[in-house]
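Good morning, and thank you for coming. Please look at the sequence and the structure that I am about to show, and keep both in view while I speak.

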Amino acid sequence: MNDYFISANDFDAFVSKMVSERKVVGPKAKQTKFVFGDINSSEELRLDYDVTILPPKKVFTPPCQTLVTFDGTKFDGAVDNEPVVLFGVHFYDIKGLDMTDQLFSENNKDINYTAKRKASTIIGSNIQNVSTRAFWGTIGTETEPQGHDGFVTKIGSGYHYQSCNQKGEDLIAYGNFQAATPEQVEEARKANEEMMTKCPEKLSHSSEAIQKKVRASFKNEKLWTQLAEDCFSCGSCNTTCPTCYCFDVQDKWNLNQVSGMRNRYWDSCLTEDFAKCSLGGGLEENFREKRGERFRHRFMRKAAYLNEKLGGPACTGCGRCSSSCTADIADPVTVINKIMEV
Ligand code: SF4
Ligand code: SF4
């Protein structure tokens, strides 16, 4: 782990050189919001973003991903392992990627995900502007972001850059980096620490207390029915979430009815059909037919079920679900604080 400093002027030249030699994905403006997309110039990179519409999981599991192709005689894998530098990821999204790293690597490892992940370099960046629904300052504080290769922090006279491993160190070659002074290292530490108090929304209890109470509320059907009363079952709270990863698999046949491809698509446990199963003989069953059951499932996953496996809640506090929910009922802070009061 090494600490570097680069001046603001040199930083632009660094980004220009890096994007000329590597495929870089980072935060960029899209009308009044921000998205992760291909970066082709230093002007495009917007490290002053508050939050992106979709999390960077789309780099490793795109909304539609071809898993295999077939031609009637054999299957061919469709693993995408093109190297990419994912630059400018806020710490809460680094946590989200670390969770999906764990979940896609357990049991039957998902090679489409892990191959792309292995080929990637992830560089974090400090939060310069806070989104209106963020609450990352009060959730999952027991776990540290990990799995990234470097981290850049804007400080008064330029940028502090910390390389975490060789992948992070390799980027130094693109810019005029100097060894950071102890004062610059301290300035970066303070900038990141002070930002933790700036979230507009706050959870009022520890993750451990929340886990126990949310789990204990499972049988309170009246509560979950009330919480989900205005739900449209649209699934936006799932698709915008950095830790939701469920998918549906479908085969697409070419017109010759011999060749084609097997794709996976993002799926959402809040939608009506998610838990619908065939029983054979033309019969079917939906084991989470009611909105309240689906709404409860999402909160059990975020706050209770996955905690043991991940070392903390499967929610990073990004606030994307809150701002994407038309009915404005998906906000984990509102829902969890209410459950804690019951
Ligand atoms: S975004 Fe809101 S309305 Fe849509 S499924 Fe989620 S909770 Fe329901
Ligand atoms: S549940 Fe909402 S706040 Fe939590 S990680 Fe998912 S989108 Fe972000």
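I begin with Asp-328, which is exposed because 12 other C-beta atoms lie within 10 Å. For this term, C-beta atoms are placed from the backbone, and a residue is buried if 20 or more other C-beta atoms lie within 10 Å of its own, exposed if 12 or fewer, and partly exposed in between. Before I go on, please note that this is a predicted model, in which local features need pLDDT of at least 70 and side-chain atom pairs count only at pLDDT 80 or more, whereas totals for chains, interfaces and linings use all residues. Residues are numbered from 1 along each chain as its sequence is written, and chains are lettered from A and ligands numbered from 1 in the order in which they are written.

Asp-328 is not a glycine, and yet its phi is positive, at about 50°. Most residues other than glycine have a negative phi. Where does Asp-328 lie? Asp-328 is in the loop between α11 (320-324) and α12 (332-341).

Gln-31 belongs to the loop between β2 (24-30) and β3 (33-38). Gln-31 counts as exposed because it has 6 C-beta neighbours inside 10 Å.

**The sheets**

Let us turn to the strands. An open sheet of 8 strands runs in the order β3-β2-β6-β7-β8-β9-β1-β10, and its pairing is mixed. The edge strands are β3 and β10 (178-179), each of which pairs on one side only. Two strands are said to pair if DSSP finds at least two bridges between them. Within this sheet, β1 (residues 2-7) and β9 (residues 158-163) are antiparallel and share 6 bridges. Asp-3 stands opposite Gln-162 in β9.

Helix α1 (residues 8-21) packs on this sheet and touches β1, β2, β6 (84-89) and β9, with its direction at about 105° to that of β1. Helix α2 (residues 91-105) also packs on the sheet, touching β6 and β7 (120-125), and its direction makes about 145° with that of β7. Contact requires C-beta atoms, placed from the backbone, within 7 Å. The axes are lines fitted to C-alpha atoms, for helices over the stretch in contact, and angles run from 0 to 180 degrees between N-to-C directions.

An open sheet of 4 strands has the order β5-β4-β12-β11, with antiparallel pairing. β5 (75-77) and β11 each have a single partner strand, so one side of each is left without a neighbour in the sheet. From one strand to the next, the twist averages 30°.

Strand β4 (residues 64-70) is joined to β12 (residues 260-266) by 6 bridges. Thr-66 has Asn-263 as its bridge partner in β12, and Thr-69 has Met-261. β11 (residues 247-253) is joined to β12 by 7 bridges, with Gln-250 opposite Asn-263. β11 and β12 form a hairpin with 6 residues between them, and Gln-257 in the turn has a positive phi of about 60°.

**Domains and ligands**

How is the protein chain divided? Domain 1 covers 2-54 + 81-195, and domain 2 covers 207-245 + 267-341; these bounds come from an automatic or database domain assignment. Their C-alpha centres lie 29 Å apart. The contact takes 20 residues from each of domain 1 and domain 2.

In α12, the buried residues are Pro-332, Val-333, Val-335, Ile-336 and Ile-339. These buried residues pack against α6 (207-216), α7 (221-227) and α9 (291-305).

Finally, which residues come nearest to ligand 1? Of the 14 residues around ligand 1, they are Cys-231, Cys-234, Cys-237, Leu-270 and Cys-325. A residue is near a molecule if its C-beta atom, placed from the backbone, lies within 6 Å of it. The shell of ligand 1 has 9 nonpolar, 5 polar and no charged residues. Ala, Val, Leu, Ile, Met, Phe, Trp, Tyr, Cys and Pro count as nonpolar, Asp, Glu, Lys and Arg as charged, and the others, Gly among them, as polar. Ligand 2 is surrounded by 13 residues, the closest being Cys-241, Cys-315, Cys-318, Arg-320 and Cys-321. The shell of ligand 2 has 6 nonpolar, 5 polar and 2 charged residues.

Conventions:
Helix = DSSP H or I, 4+ residues; strand = E, 2+ residues; numbered from the N terminus. Contact = placed C-beta atoms within 7 Å.
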